[in-house]
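Try each task before reading its solution.

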Amino acid sequence: MAQAQGTIKKVAGPLVIARNMGQANMFDVVRVSEQRLIGEIIEMHGDEASVQVYEETSGLTPGQPVESTGQPMSVELGPGLIGSIYDGIQRPLDDIMSVTGTNNLQRGVEVPALKRDKVWHFVPVVKEGDEVAEGDVIGTVEETKVVTQKIMVPPGVHGTISSIAEGDFKITDNIAKVKKADGNTAEIGLMQKWPVRRERPYKEKLSPDVPLITGQRIVDTLFPIAKGGVAAVPGPFGSGKTVVQHQLAKWAEADIVVYIGCGERGNEMTDVLNEFPELIDPKTGESLMQRTVLIANTSDMPVAAREASVYTGITIAEYFRDMGYSVALMADSTSRWAEALREMSGRLEEMPGEEGYPAYLGSRLAQFYERAGRVVTLGSDDREGSLSVIGAVSPAGGDISEPVTQATLRIVKVFWRLDADLARARHFPAINWLESYSLYDKLDKWFNANVDPEWEALKLKTMTMLQEEATLQEMVRLVGEDALSAPDRLKIEAARSIREDLLQQNAFMDEDTYTSPHKQYMLMKLVMVFYDVCQEALTKGADINKLVAMEVREPIGRFKYTAEKDVDSRYKEIEKQLIQEVDEIASAKEEF
């Protein structure tokens, strides 16, 4: 029901100023003109409202009607989300195409986010007379072959189940009734609505001390992210931000993936839409889309909708987190979102901050990233869910000193710095090991306890060797490698093995695209055993040239292609061959 009816006073691109809107509220959704373009109130001055319109505003003129719906921008949450492809304000792109008969977005199209005609089979897990509280699971719907959606009591509802039954229902049907303590009855359906700018409630936020295993060696070994953690992936054009996010979406230890293409180029988003349905989920053998929600808001779509797309995505992700799932959200990229903020801020004539971005850029980014976390959800069964956020940042010219990257780095705890030179050298993932970091220090204790007690010490030794190699490489550029001492040459060779054999992966090879934590540990250990054994041989006078030219270096380099089941046995074979060859070189020197 309309809460306020006004008229257009001024149009400035996606910003519309409407008068006679005194009865409306901040963040109300409004319909603009006879075409009923969707917008949102973002500023109020007396009875004048500034409306951010999420559709093309060409052709609008002063005097046309502006009608408030009296409701904030909300998303529909329920069966049908998984496998869907939405625009930035949760309009299903496939339904829009079938309504309009064209691939281009048409203005004023009103289609529901969840399909109203589809029937879902609901199986209750509670019965009449049971006491339920907010967040309790009252039944399930098998949404896809790999995702069972849990139908929960909405926040704010407590009471006794007065009616519930198994059956086939549409998304708009009521499936249960709850008699509350005040005598009123609350009806519960398959669908909930939730305002996108408001965080969904939970009981408790847990410490980030469990890693999100990704199977990407440079991530898990050197710069791990926690379940419920936040990471930034900044890098220049062509450095592989999108590819890294695709790989994480496929392999990360997450039950649900929400991918937001925020202001990305149309061809990149087309690749995502084409590739995701064809990617086979290694955990289930089904299409990756069976556990994915895609939000496509390309750079040619109205700029204002970019601002809404990240909130739409994270609200959907929170909904699955509340069911007790581990959710990974990929935002690609937050720089385009910040550009949308800058454009709207300019049209509102706000005081600009650094490089024209609004002064509240940092706080808006923080509000978004702070919605991540590992939590105890609402409900009497104390489910644990997590929402991990990985945001790509696209600094102009690769300059990470620009405001969006710097504001992001003040918030996130993991920084994976992508390097264009590594990408050009076909080193994947192109994460620079000297400039990246992870501040989730508690994760090393988890790896020590669950993988091997030597994990933390071995990781520290690996990172130290990479740092020392960087210093030695500067000397090599000046005087050449032959001028280095034998121990320094050995250090460079061991570091090269770390870079090429441990940190570099082949995403197209089954044995190498994903590496378990145990195999990662064995890889680290093998390189360090090579270094330690050769170092000892050098003290006995062994020839450095013979040591670095040993035949065993080929099996060491190919160890990463070993099948998981053969890792331990293959490690022992290579270690035995290594010690044997080193002993032969050392003993030959002694005889001489």
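**Exercise 1.** In this predicted model, find the bridge partner of Lys179 in S16, then work out how the strands around it are arranged.

*Solution.* 
- Step 1: Lys179 is bridged to Thr185 in S16.
- Step 2: Look at the two strands as a pair. S15 (residues 174-179) and S16 (residues 185-189) run antiparallel, joined by five bridges.
- Step 3: Follow the chain between them. Five residues separate S15 and S16 in this hairpin, and Gly183 in the turn has a positive phi of about 95°.
- Step 4: Now turn to the other partner of S15. Strand S13 (residues 159-164) pairs with S15 over four bridges, in the antiparallel sense. Here Ala176 of S15 stands opposite Ile164.

**Exercise 2.** Which residues have the most contacts inside the largest nonpolar core?

*Solution.* 
- Step 1: This core has 161 residues, and Ile138, Phe320, Leu329 and Trp416 have the most contacts inside it.
- Step 2: Ask which element gives the largest share. Helix H14 (residues 517-539) does, with 14 residues.
- Step 3: Zoom in on Trp416. Beyond its neighbours within four places in sequence, its contacts include Val219, Phe223, Pro234, Leu248 and Ile431.
- Step 4: Look for a separate, second core. That one has 15 residues, among them Val16, Ala24, Leu37 and Val66.

**Exercise 3.** Is Met475 buried, partly exposed or exposed?

*Solution.* 
- Step 1: Locate Met475 in helix H11 (residues 455-479).
- Step 2: Met475 is partly exposed, because its relative accessible area is 39%, and the cut-offs are under 20% for buried and over 50% for exposed.
- Step 3: Together with Leu478 and Val479, Met475 makes a nonpolar surface patch of about 330 Å².

How values were computed:
Residues numbered from 1 in each chain as written. Predicted model: local features only at pLDDT ≥ 70, side-chain atom pairs only at ≥ 80, totals over all residues. Heavy atoms only, no water. Patch = residues over 30% accessible without salt bridge, like charges linked within 9 Å, V, L, I, M, F, W, Y side chains within 5 Å. Areas by Shrake-Rupley, 256 points an atom, 1.4 Å probe, with all protein chains shown as cover. Salt bridge = Lys/Arg side-chain N within 4 Å of Asp/Glu carboxyl O. Buried < 20%, exposed > 50% of the residue type's maximum accessible area, 1.4 Å probe, protein only. Core = buried A, V, L, I, M, F, W, Y, C linked by side-chain atoms within 4.5 Å. Contact = heavy atoms within 4.5 Å. Pairing = 2+ DSSP bridges.
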